[in-house]
Amino acid sequence: MAKYWTTPAVEALRADGVRISELDTSATPGFTGDKAAGVESLAERTAVLSGLQEKLYANGRSGDKRSVLLVLQGMDTAGKGGIVRHVIGSVDPQGVDHAAFGVPTPEEKRHHYLWRIRKALPRGGQLGVFDRSHYEDVLVVRVHDLVPRSEWEPRYDEINAFEQELADEDTTVVKVAMFVSLDEQKRRLRERLERPDKYWKFNPSDIDERAYWPAYQEAYQAMLERTSTDVAPWYVIPADRKWFARLAITELLVEALETLDLDWPKAGFDIQEQLRRLEQA
Ligand code: AMP
Ligand code: MG
């Protein structure tokens, strides 16, 4: 286990039994270090993540169909983009399949909600990242009655079946739900209005959405309770401290990749023979 962790991240952050309304979003579950220790630890573990991802990619190039899919959910300003930039940004981009899901396009609306998701799944050897996902179809859709309850209600079971399918196809799904407090969100939104380099992240509707916070909490709670399964468990990330969220998710990815027990792919040629040929070339 990594330094400063009392419990592996996959245990410390499991969603089981978590009440979101009571969550301390500034906590650092399982991690005993302070920010300085966290930053130091992040640098070490990022190197480990990068090495494991290279092995996954190398195996994929050799025909291995295994992949890993990181699903990021969280309210605006929770830090999903920061995870993509800083955690995923630390690995070889050739091995990354990134997809962000916004309001469905007219074409996407004509299809089943999993249509656009299936198209974006990681290929063998890839580390896939979903910035938002099919879970929006039981979150924003539920909160704003975008479809009637009779339509979103069966989606929990349908999503579980879909993720079972992914597991059967050797995709390891790592689902993280990031939570900031309402105050922290206000601070981060204010920053988006005060810094020209952050205007692009601001959307006026983010302010309207704050009125729906309790409804979102309820929808997130239902999501965790109904779709955290053995094949695709949810992890809850207290995200007021950015350094912790980054470290925690790095750790979850490292632990998921370690479970795959990856080795370098074997040479598909006779090494001695190729060395001999090279000398004569
Ligand atoms: P952002 O992640 O800040 O670019 O915002 C994307 C927006 O798209 C968020 O407001 C989401 O709630 C919204 N969104 C994502 N998926 C769906 C969906 N299936 N239906 C409706 N809105 C969605
Ligand atoms: Mg946004």
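Predicted model: local features only at pLDDT ≥ 70, side-chain atom pairs only at ≥ 80, totals over all residues.

Visitor: Is L275 buried, partly exposed or exposed?

Guide: L275 sits in helix α13, residues 271–280 (helices are DSSP runs of H or I, at least four residues; strands are runs of E, at least two; both are numbered from the N terminus). Its relative accessibility is 42%, so L275 counts as partly exposed.

Visitor: How many residues of strand β4 are buried?

Guide: β4 covers residues 171–179 and is largely enclosed by the rest of the structure. Strand β1 (residues 67–74) pairs with β4 in the parallel sense over 8 bridges, where pairing takes at least two DSSP bridges. β4 also runs parallel to strand β5 (residues 234–238), joined by 5 bridges. As for burial in β4, the count is 8 of the 9 residues.

Visitor: Which residue has a polar side-chain atom 2.6 Å from an oxygen atom of ligand 1?

Guide: The residues around ligand 1 include F101, V103, R132 and E136, going by heavy atoms within 4 Å. A polar backbone atom of V103 is 3.1 Å from a ligand oxygen, and a side-chain N or O atom of E136 is also 3.1 Å from a ligand oxygen; a polar contact here is a pair of N or O atoms within 3.5 Å. The one at 2.6 Å belongs to R132.

Visitor: What is the N to O distance in the salt bridge between R132 and E136?

Guide: A salt bridge puts a side-chain nitrogen of Lys or Arg within 4 Å of a carboxyl oxygen of Asp or Glu. Both R132 and E136 are buried, and their side chains meet at 3.0 Å.

Visitor: And how many residues apart are D137 and R155?

Guide: Their side chains meet in a salt bridge at 3.8 Å, N to O. D137 is in the loop between β3 (127–131) and α6 (140–143), and R155 is in helix α8 (residues 155–168), so the pair links distant parts of the chain. D137 counts as buried at 9% relative accessibility, as does R155 at 7%.

How values were computed:
Residues numbered from 1 in each chain as written. Chains lettered and ligands numbered in written order. Heavy atoms only, no water. Buried < 20%, exposed > 50% of the residue type's maximum accessible area, 1.4 Å probe, protein only. Polar contact = N/O pair within 3.5 Å; in protein donor to acceptor, adjacent residues only side chain to side chain.
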